[in-house]
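Please keep the sequence and the three-dimensional view at hand while reading.

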Amino acid sequence: MEQIVEKKISQIIFGVMSPKQIKDNAFAKVVTPELYDKEGYPVDGGLMDVRLGVIDPGLRCKTCGQKLKECPGHFGYVELARPIVHIKFASLILDILRTTCNTCSRTLIPDEKRSSYTKELEVISKEGSLTDRRDRIKEIVAELRTINKCPHCEAKQEKITIDKPTTFLEGERRLSPIELRSRFEKIPDKDLRLYGIDASNFRPEWSILTILPIPPVTMRPSITLESGERSEDDLTHKLGDIVRINQRLFENINAGSPEIVIEDLWDLLQYHITTFFDNEVSQLPPARHRSGQPLKTITSRIKSKEGRIRHNLAGKRTNFSARTVISPDPMLDINEVGVPSVIAMKLTVPERVTSWNADYLKKFIENGPKKYPGANYLIRPDGKRKKITDETREQLLEELQPGFIVERHLMDGDISVFNRQPSLHRMSMMSHKVRVLPGLTFRLNPAVIAPYNADFDGDEMNLHIPQTEEARIEAEQLMEVETQLISPRYGLSIIACRQDSISGNFLLTREGFSLTRNEAIDLLAAANIYDFDRLPKKETVTGKEIFSVLLPKDFNYRGFSKRYSKDPKDPDALVHIKNGLLVSGVMDANNLGEGSGLLLRTIHKQYGKDVIVGILSKMNMLGNEVLMHYGLTFSISNLDLLGDGKKLVEQTIKKAEVEVVNIINKFKAGTLEVQPGRSERETLELTILEVLNRARNDCGRIVEDTARQDSSLMHMVRSGAKGNVIQLAQMAALTGQQAFRGGRISKGYARRTLSCFRKDDLGSSARGFVANNFHKGLAPHELFFMAMTGRDSLMDTALRTPKSGYLYRRLANALQDLVVRGDQSVREASGKIVQFSYGEDGVDVAKSEAGRINIKRVVDAVLEG
Amino acid sequence: MTLITTTLETYKEKLPKAIIEQIALLVPETITKAKLDKICENVLEEYVSAQVESGDSVGLIGAESIGEPGTQMTLNTFHFAGVSEMNVTTGLPRLIELLDARKKISTEITEVFLKKEFNNAESVKRYASMIKETLLKDYLEEVSLDMAELKLIVKLNKQRMDLVDLKPVQVAKMLEKALKNYKIGVEEFTLTIVQSSTKDADFFSLYKLKEGIKKVYVNGIKGITQVLPVKKGSDYVIMTAGTNLKDLYKLEFVDTFRTFSNSVAEVEKILGIEAARSLIVDELMKVIESQGLNVDVRHIMLIADTMCMSGTVLGINRYGVVKEKPSVLARASFETPIVHLINAAMAGEVDTLRSVIENVMINQPIPVGTGTVKLKVK
């Protein structure tokens, strides 16, 4: 058995390496910029020295003796001819220079004031960063330095400036890195403590490099092109430059070259080392490839989304996963996923051989990788992985004994994790049971589309197969669809009926719908429901009675349908379920839809997840089956208005247009009553908008009342399955004012919106009011206005996505460590209390009913029962 | 005491106040003791079973609950609220602004409530115009330049001044305060402005002054640029664009208990951190509800609490909440990783790997949910 390791890493200490440490940790001194000799073997003392690790197959590392992929690589070093400023410490160097004496290197704070400031600084570093602390020291020194003298040695201080990025000036004189170093060396440890620096961990002179560590070859591998040519990594290129210039500098110094030559080389070395650390320093031209593209050096390797931290460390890749197009399959259970057999034969589940299951697992090996259900690999107890092929199969079968692990094909009932990006909430990744099916797409029940926010217009989804028992149990217990029915966002069912199933159940449960008992049984059977004994034993049964078959026998519930807000006296308005019988009320989006109504939530609460899952899938089936039997279709005639509807609409539009003309006339005459705080023009626009929007809403109401009441269109709108009153109005009456950038359309040509209007026409149609409806068809100018707003909303979407994405990232990053602890308090990682009790009452939203405890239900239950 | 109150009293420690109140409301007077006990017991059971489990990653769920609907919000700040409404920034921009804890928000609004004795239709209009910041140009009838005498003659509009009880002397005082080296003469509703030392009187500076005085602050409350008296329920309320709570609270007719602005930074400064927290919650809820979205308050409260935890309002960004994180790697994984790594190296910081992201980085179980549990005995 493998040994269980509880925690391998318990802490990470950050620090700066001293020159001595760099040297001690190095395994090779690099002295030549050459990489390989004539035979292509790495040069000793070169940048690809075999002591730094190996990247060629066949070679062995001289330091650890291991081969490629085994050797982790080892550091080397270069001895710099002259000290060089480390660019990342430039701001620290400047701060220290400005706050220490140029002669005695003491901090420019008198000893007697020291202790009080130390206290203050400790507080700062407790709350802020080191930079804040340095800023405060700068302030203190600026306050204290009334005369420009050092309080310790009385030396006169000069102003230090920085010529970015790495040149420091004292007055007019340039301070060489050698001088900087010698000044820093003299700073006593106790002064460093003021800056929050512990001298055993870091000394400021270390920020001026005298020795440069050479990163191991393994972190800058070269690639061999097809032509056999070698292409070196960007870092190797940069290091080559550094070593070359460093050697030249050495030679020139030894040869006693003129100071100018040496200075120039020194500056060049500074440039190369600076760009080695960071090639995006704003004051320097970035070092480039011959092709002109900038080199990717250390900083750009680490930072940003594609950098090491966010790309490789915080984000991982997985094996045992699949991705393909999704398609709907209402015959699957809600918690199932249909997996194509091709994928099922590639994804595997490891099963350990025991004396009890050996025969069962042998069958898979016999089938091999090509016959389903088979197995692809056999893992021996020593960890050797054997591929099962036609040739090896017989031998492996013989070898098989307890302790082996068989990687068998995916089978019905296996646990999987199903995911659709963007994974915006936890319901974007749920555990489903596998159902292996023919075909090439993942199949899922349309009822679980809502949490994934998926549709079937070509969406692809990912499937992961957990590989350990622990992972499988966690997926099953915590992520399975049944456990995710209630959204933790608002405490209501997010997996519910949609579209057709809502319309279907709506039609079924409407007042007055009835079927003969035989027809009812036919309907139920088609929907896979067989509790016929719950149907009343009479010749005709109502739709409500048919629907009641789904409900638990002792279920009591009171609620409202969508109808309630319109007409509370409508017999369908009040939903009343008594002892599992739908007494009154119609089932619509208010009761069956996602994120609305307490009906589904209450059933879930009272009877548990298994019952609600069963009811949900039956409900869906029943709704769809009702439509299959009785039809739901849409035709243009659904948009015809009966009676005087058409006239009413025309009147409404006419009235609104006349009103607009009146307002404009008043405006032109200057008699428009100005709203407080608004200009005349603003008042005009707002009043017109109000008038026109009122017209559209009125038309919506007219359409709702005068369109054929029993049309499929009305059923869909009434049930809440799809569409609203405004959309009705847009189709049958008028499309309405097109809003653009928060007002009527006003831009386009000079002083007019389109060239077919007069200049300065403020009238309704000239400013984007679309008086026609979609049924009648739009006038040309109306089409243009609609295209304008259409494009505007397209732009809105395009701009919104990255903005809200970034907001989400920030939120997730800030809040991810907040966890409920054993004492019910919410704390962050270090144990600081954020809330004493989560949400002030400790109630988990996902366990609540719309964010509350449903007291009324409890009270009613006790009072009635 | 009745049966109901005495029974409920015993549950005071076990149930939140709101739940107890609701029970009292729902239970009929004539209830028997047995039934009431049963109800209380059942409610308590429901309440206890709905408690969060320890280890629950409430933070991330809170972030999801705001982040996910964020993608559905409109960027448009526009809404068809109508003529008699202030145009307020809503939607995603407002959400971002709130969570960033911006000092300067795009539309500052104060709802000024009036004390009972001033709460009527006539006074609300008068007070509204008194509050509004007015400049001299609002009261000007005419400005003319007397070139011969080198003086500026300012005629004031009596009507407008009477509306807010303003006397010419007061205007003159404000002018004197604003303009140095000038003398102001008052005569009825006419002011004359002369340079105090006649020696270097020059025409050109006087000419410039003619425009300059228009922008001199006269009265009202600085910062309040627009006022809109509206009726809200039984209250007359002055909605203002721009805000200055400090000065508003000094006015005798302002109901200081109910008046506050929508600027978190201002409320924090004047009313304190608890007020700021509760304002953040309210404002976030307002944004979300205005978009027709449904998010539980608990998530919002958690975010507000995180922002206000340190005692000052911190934004959800690298200068605020994230900067306060104890772990170097957690900070580095968010933004500006190099800065964090360098500073950590200089300070010799130690990362104890107690939060989520570092453990993801080093492939260890995260200290959340099932990861919080450790095996003591093998």
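A nonpolar core is a set of buried Ala, Val, Leu, Ile, Met, Phe, Trp, Tyr and Cys residues joined through C-beta atoms within 7 Å; a residue is buried if 20 or more other C-beta atoms, placed from the backbone, lie within 10 Å of its own. The model is predicted: local features need pLDDT of at least 70, side-chain atom pairs count only at pLDDT 80 or more, and totals for chains, interfaces and linings use all residues. Residues are numbered from 1 along each chain as its sequence is written, with chains lettered from A and ligands numbered from 1 in the order in which they are written.

**Nonpolar cores**
- The largest core holds 237 residues, of which Ile242(A), Val339(A), Ile546(A), Ile131(B), Ile238(B) and Met307(B) touch the most other members.
- Helix H24 (residues 680-706) of chain A supplies the largest share of this core, 10 residues; helices (H or I, at least four residues) and strands (E, at least two) are DSSP runs, numbered from the N terminus.
- Another core of 17 residues lies apart from it, including Ile855(A) and Val27(B).

**Barrel**
- In chain A, six strands form a closed barrel in the order E9-E17-E10-E16-E15-E18, with mixed pairing (two strands pair if DSSP finds at least two bridges between them).
- Strands E15 (residues 415-419) and E18 (residues 460-464) of chain A pair in the antiparallel sense over three bridges, and Asn419(A) has Asn462(A) in E18(A) as its bridge partner.

**His715(A)**
- His715(A) is part of helix H25 (residues 712-719) of chain A.
- His715(A) counts as buried because it has 22 C-beta neighbours inside 10 Å.

Key. Buried ≥ 20, exposed ≤ 12 C-beta atoms within 10 Å, placed from the backbone.
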